[in-house]
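Student: Could you walk me through reading a protein structure, one feature at a time?

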Amino acid sequence: MKKILYICSLFVAFVTVSCKVDDPFVDRVVAPVLVIFEDAAGKTSGLTTEPSISSSASADASITVRLLELNKDGLLDNKVGIDSIPAKAIPVTFKLRSGTKLSDITTDAQGRSTLKIAWKTLGISTPVAGSSVSLSCSGTYKDISFTKYFRLTATK
């Protein structure tokens, strides 16, 4: 009897281990583009979970986003590597995190789109150094949608 119980428990353990378990929380899709933010000084940001870019508080806020498609054909060749190709003519939607749409801007030949907007439109009537607002940038590339969250901070 112990032998049968041992074999049955071994069989149940084998079946349990060999079952595929799907992630119940998030369906993951590989991002179709690399989203990089550039501030007025040309410094890039975007390789963090929530990048922060800065813009002068004394003028309209300026946000530049650059979209790059990563060509991984030469991934295993150290002389070629991964190539960054600008994603041209992609409509990009800028929104407040509350969902309020700010603007749609199409990327140029270098994959850049720039939004110039008044701080008042962002919900900051009198910006001072350190004032910030949370925004999102979204679009669709090759039938795959993407969204990148970021924070815009006012500087002197």
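Predicted model: local features only at pLDDT ≥ 70, side-chain atom pairs only at ≥ 80, totals over all residues.

Student: Which strands form the open sheet, and in what order?

Tutor: As a general idea, strands of a sheet pair through backbone hydrogen bonds, either parallel or antiparallel. In this model 5 strands form an open sheet, and reading across it gives the order β3-β10-β9-β6-β7, with mixed pairing. Because β3 (52-56) and β7 (101-106) each have a single partner strand, they stand at the edges, and one side of each is left without a neighbour in the sheet. From one strand to the next, the twist averages 30°.

Student: How many bridges join β6 to β7, and do the two run parallel or antiparallel?

Tutor: Strand β6, which covers residues 91-96, is joined to β7 by 5 bridges, and the two run antiparallel. To find one place where they face each other, look at Thr93, which stands opposite Asp104 in β7.

Student: Where does Thr107 lie, and is Thr107 buried or exposed?

Tutor: Thr107 belongs to the loop between β7 and β8 (112-117). Since buried means under 20% relative accessible area, Thr107 counts as buried with its 6% relative accessibility.

Student: What does the side chain of Thr107 reach?

Tutor: The side chain of Thr107 comes to 2.8 Å from the backbone oxygen of Ala87, and a polar atom of that side chain lies 2.9 Å from the backbone nitrogen of Ile90. Leaving aside residues up to four places away in sequence, Thr107 touches several others, including Leu67, Lys88, Val92 and Arg112.

Student: How many salt bridges does the count come to?

Tutor: The general idea is that side chains of opposite charge can pair when their charged atoms come close. Here the count comes to 5 salt bridges. One of them joins Glu50 and Arg97, whose closest N and O atoms are 2.7 Å apart. This pair links distant parts of the chain, 47 residues apart, with Glu50 in the loop between β2 (44-45) and β3, and Arg97 in the loop between β6 and β7. Glu50 is partly exposed, with a relative accessible area of 36%, and Arg97 is partly exposed with a value of 36%. There is also a network of salt bridges, in which Glu50, Arg97 and Arg151 are linked.

Student: Which residue forms a salt bridge with Glu69?

Tutor: Glu69 pairs with Lys142, the closest N and O atoms being 2.8 Å apart. This pair, too, links distant parts of the chain, because Glu69 sits in strand β4 while Lys142 sits in the loop between β9 (132-141) and β10 (144-155), 73 residues apart. At 19% relative accessibility Glu69 counts as buried, whereas Lys142, at 57%, counts as exposed.

Student: Which side chain meets that of Asp104 in a salt bridge?

Tutor: The side chain of Asp104 meets that of Lys101, at 2.6 Å from N to O. Asp104, the residue that stands opposite Thr93, counts as partly exposed at 44% relative accessibility.

Terms used
Residues numbered from 1 in each chain as written. Heavy atoms only, no water. Pairing = 2+ DSSP bridges. Helix = DSSP H or I, 4+ residues; strand = E, 2+ residues; numbered from the N terminus. Axes fitted to C-alpha atoms, helices over the stretch in contact; angles between N-to-C directions. Buried < 20%, exposed > 50% of the residue type's maximum accessible area, 1.4 Å probe, protein only. Polar contact = N/O pair within 3.5 Å; in protein donor to acceptor, adjacent residues only side chain to side chain. Contact = heavy atoms within 4.5 Å. Salt bridge = Lys/Arg side-chain N within 4 Å of Asp/Glu carboxyl O.
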